[in-house]
Amino acid sequence: MTHRTYSLWSSTVLSTAASLVMGLAITGTGLLIFSAFVYFMMDSIMFLDFFSGAALSAGAFISAFITGKHRRRRGLAEGAICGVLMYGVLTLCGALIAGGLPETKKLLLLILSGAAGGVTGVNTRRPAYLMDQ
């Protein structure tokens, strides 16, 4: 009789929540870096939409990549779910802080980036510490 050790990544809800937090942290870090770049290095804010989209895409991709890499199944669906959840969190924060709602094209961007990250994560090697599970 073998005992399986319980891992954070064995639960769908916990693994998605953990990767969502990591994706939001990456998005926030990217937004800070890009905003500092625009403030100190550029004369206009012409590319601000592009930079915020890049930070959102990177966060959704990484979030779904982590989920796909550890869950090893349903990468497209779980990646899209990560994108939708990120949109939900950002919508809630935007409504509370700024009083407005983000555009629907951001939802599409997050879903596509998340789906791509989930598929990429599923198709990479599994971490060594999860090989026996």
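Helix α3 gives the largest share of the lining of the largest pocket, five residues. Helices here are DSSP runs of H or I with at least four residues, numbered from the N terminus. A pocket is an open set of points on a 1 Å grid over the protein atoms alone, where a 1.4 Å probe fits, with protein on both sides within 12 Å along at least five of seven lines; lining residues have an atom within 4 Å of a point. The model is predicted: local features need pLDDT of at least 70, side-chain atom pairs count only at pLDDT 80 or more, and totals for chains, interfaces and linings use all residues. Residues are numbered from 1 along each chain as its sequence is written, and side-chain values use heavy atoms, without hydrogens and water.

The largest pocket holds about 280 Å³ of space. Its lining has 14 residues, and Leu56, Leu90, Gly94, Pro102 and Lys106 are the closest to its centre. At least two lining residues come from each of α1 (12-41), α2 (48-71), α3 (75-97) and α4 (104-122). By class, nine are nonpolar, four polar and one charged. Ala, Val, Leu, Ile, Met, Phe, Trp, Tyr, Cys and Pro count as nonpolar, Asp, Glu, Lys and Arg as charged, and the others, Gly among them, as polar.

Now the second largest pocket. About 160 Å³ of space lies there; a volume is the space filled by probe spheres set on the points, which are joined across faces, edges and corners. Asp49, Ser52, Gly53, Leu56, Glu103, Lys105, Lys106 and Leu109 line this pocket. Two or more of these residues come from each of α2 and α4. The largest share, four residues, belongs to α2.
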